[in-house]
Amino acid sequence: MQLVVGRIGRPHGLRGEVTVEVRTDDPEGRFAPGSRLSTDPASAGPLVVASRRWHSGILLVGFEGVDDREGAEALRGTMLVLDSADIPPPADPDEFHDHQLIGLTVVTPDGERAGEVADVLHHGQDLLVVRRGDAEVYVPFVKALVPEVDLEAGTLLVDAPPGLLDPDQMV
């Protein structure tokens, strides 16, 4: 599975630097000089980070072989991706990467299949988007409601109060 860690924006200056819209929680590591990133479209890469710096809260990245504004402009809109297999699991057993949760089967305490995790949203509080047939419901990803995640079994236990998993009860 490919994970987007950034999107190349407009060129910055005349020497080939580009702005990068960061989509990772580890920009210092992912965009460290020497890092090799795959791209979408694949024909634009792979790209090797030559330099990285922050300017007014914006990440500026230079890539090997991109030495002018024209080369930088050609990369605009390119997604920078990593293979999920290349990302080590978190050290904390109660912490998960989004790609580990997406696709897990949601089960209730009585063993009933309640859907599948379709996405993870980060809007102040982490929310699991659970697909139930044609509908989606949102489950706060907190220990009280999601007491168990079993990656090996491919399941996630949701101990929800009545109505939380019922798409008809959504407002």
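Reader: In what order do the six strands of the open sheet stand?
Author: This is a predicted model. The open sheet has mixed pairing. Its six strands follow the order β10-β9-β8-β7-β12-β11.

Reader: Why is one side of β10 and of β11 left without a neighbour in the sheet?
Author: β10 covers 135-140 and β11 covers 148-150. One side of each has no neighbour in the sheet, because both stand at the edges, each with a single partner strand.

Reader: In what order do six strands close into a barrel?
Author: The pairing in the barrel is antiparallel. From one strand to the next, the twist averages 50 degrees. The order is β1-β2-β5-β4-β3-β6.

Reader: Which residue in β6 stands opposite Leu3?
Author: Strand β1 spans residues 2-12, and strand β6 spans residues 79-83. They run antiparallel, joined by five bridges. Leu3 faces a β6 residue, Leu82.

Reader: How far apart do the end C-alpha atoms of residues 99-164 lie?
Author: UniProt, in an unreviewed entry, lists residues 99-164 as "domain: Ribosome maturation factor RimM PRC barrel". In the model, this span is 52% strand and 5% helix. Its end C-alpha atoms are separated by 23 Å.

Methods:
Residues numbered from 1 in each chain as written. Predicted model: local features only at pLDDT ≥ 70, side-chain atom pairs only at ≥ 80, totals over all residues. Heavy atoms only, no water. UniProt positions renumbered as here; feature names shortened; annotations may be inferred. Helix = DSSP H or I, 4+ residues; strand = E, 2+ residues; numbered from the N terminus. Pairing = 2+ DSSP bridges. Axes fitted to C-alpha atoms, helices over the stretch in contact; angles between N-to-C directions.
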